Amino acid sequence: MSTSFPPPPILSFAEMATSISELHQAHAHFLKTGLIHTTFAASRLIASVSTNSHAQAIPYAHSIFSRIPHPSPYMWNTIIRAYATSPTPEAALTIFHQMLSASVLPDKYTFTFALKSCGNFSGVEEGRQIHAHVLKIGFGGDLFIQNTLIHLYASCGSIEDARNLLDRMPERDVVSWNALLSGYVERGLMDLARRLFDEMPERNVESWNFMISGYVGLGLLEEARRVFDETPVKNVVSWNAMITGYAHASCFSEVLVLFGDMQHAGVKPDNCTLVSVLSACAHVGALSQGEWVHAYIDKNGISIDGFVATALVDMYSKCGSIEKALEVFYNCSRKDISTWNSIISGLSTHGSGKHALQIFSEMLEDGFKPNEVTFVCVLSACSRAGLLDEGREMFNLMVNVHGIQPAIEHYGCMVDLLGRVGLLEEAEELVQKMPQKEASVVWESLLGACRNHGNVELAERVAQKLLELSPQESSSFVQLSNMYASVGRWKDVMEVRQKMRAQGLRKDPGCSMIEVDGIIYEFLAGEGLASGEDLT
């Protein structure tokens, strides 16, 4: 009777490794003990390294693989699969050709991984060549390969080939239909997707999710919601697709209502759900809802890092609780650049310009490289706090040290800063010098500064420029009218308002939202309560 021995502990260590240094340790042990010469152990090591999330994991797995004298088909498949889903999927085909040249017989998994790599770089012609090879060696009837081929052709735009392949299949399952359906959805062909969906003899939750996501992707929220409501069994992906759709369309009250429905349905939210809901709370000022989500995160042991940390910081900042935002920021387990940007932006909004600059300095000390958004947040902080010297210093740092070319947002912050401190001529010079001279938003900022400082002459020039750029926008008329009113030039006020009426322009009413006992109320200027949604 043969005796089976448990695998060496080093295999478990390699599979559980979270850093490249731990993988190096495991590899060294394999070399030292000779385990690397055992096919089973070497295969497990290559698989463990190739699936590690570190950026150098796949090249490292490839280097181990290349030193194996006679790699098994499983090893070849592991490397092909790793490259197929990597940022360089074309490399999978190089390995596939090397496998054929080494006279190693590919199996159905080899072809599936190679075809997936073609799909990931839209290599339909390379996929056709592999398809021909599949037929040549007798794998043409394999359901697994056929399903992959359908998705490849559909996602690359060869819709007729994909449909013909599905129609010729003697045996089809729901995955076959979904392969074509997902291809249609990825291409935005929702009319074809709808017809195929109605034709499907069997659907699973993935089929319904494809349809919801497809409609959401085209901004067709009513159609998406109709399919969502008809979905017999919804999973977290179903809810996330609909919630994300509402969030992207700025339907934040609907996001919160739908999240409540999700809770009542007993579906556990994931990080994607929580980020979308926190974003909605931030936009409508629903602090109590945001606090409930934060409590849920803590109760369920969800790590506060990355996007979740950023969403929490943003929510607390926009809901007026900057102290809580700082607490989350300093206590989060891992910060990324978006987390830093969020807290700097929050401090800026709350008028804490010097504190925002302090956080920016801490960010640089921690080795983070600022991006375009960072400098928008920093310059905005300087503008709101009237920190002229610091703003100039940050603008120069952005351009001369970090090599970031100013965008409209950066120029807008500087114009706003110069305008706040009364340097209107310098602000005008900056607007005239910027490459994006047709950016009306920057001219509007300068016009606002002219009004604040009573510079009617410059205001008239700026207003004229705005009317040339955006003749159908009422904001420049309104600002100029208000300016004339502030200096008692009532005849000019009447002339501006007459021009507005002649062009059919009207001032858009102001809008405010407030949360009371879990209900979001929306108010329009002059109209009182506009709407309310029960979010409890």
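Trainee: Which side chain does a polar contact of 2.6 Å join to that of N341?

Mentor: That's the side chain of T374. A polar contact here is a pair of N or O atoms within 3.5 Å; within protein, one must be able to donate a hydrogen and the other to accept it, and residues adjacent in sequence count only if both atoms are side-chain atoms. Keep in mind that this is a predicted model, where local features need pLDDT of at least 70 and side-chain atom pairs count only at pLDDT 80 or more, while totals for chains, interfaces and linings use all residues. Residues are numbered from 1 along each chain as its sequence is written, and side-chain values use heavy atoms, leaving out hydrogens and water.

Trainee: Got it. And which side chain is joined to N341 by a polar contact of 3.3 Å?

Mentor: That one is N371. Leaving aside residues up to four places away in sequence, N341 touches N371, V373, T374 and C377; touching, or contact, means heavy atoms within 4.5 Å.

Trainee: Where does N341 lie?

Mentor: In helix α21, residues 337–349. Helices (H or I, at least four residues) and strands (E, at least two) are DSSP runs, numbered from the N terminus. The chain has 30 helices and three strands.

Trainee: Does N341 count as buried or exposed?

Mentor: Buried, because its relative accessibility is 6%. The cut-offs are under 20% relative accessible area for buried, over 50% for exposed and partly exposed in between, with a 1.4 Å probe and protein chains only. Of the chain's 536 residues, 47% count as buried.

Trainee: Which residues touch the most other members of the largest nonpolar core?

Mentor: I130, I297, L312, I343 and L446, out of 161 residues in that core. A nonpolar core is a set of buried Ala, Val, Leu, Ile, Met, Phe, Trp, Tyr and Cys residues joined through side-chain atoms within 4.5 Å. Take L312: not counting residues up to four places away in sequence, L312 touches L278, H294, I297, I304 and V328.

Trainee: And rings? How many aromatic pairs does a search of the whole structure find?

Mentor: There are 13. Rings of Phe, Tyr and Trp (its six-membered ring) pair if their centres lie within 6.5 Å; planes under 30 degrees apart are stacked, over 60 edge-to-face and the rest tilted. F197 and W208 are edge-to-face, because their centres are 4.9 Å apart and their planes at 85°. F197 lies in helix α12 (190–199) and W208 in helix α13 (205–217), so the pair ties together parts eleven residues apart in sequence. Both F197 and W208 are buried. F228 and W239 also form an edge-to-face pair, 5.0 Å centre to centre with 80° between the planes.

Trainee: Last one: where does S103 lie?

Mentor: In the loop between α6 (90–101) and α7 (108–120). S103 isn't a glycine, yet its phi is positive, near 60°. S103 counts as exposed because its relative accessibility is 67%.
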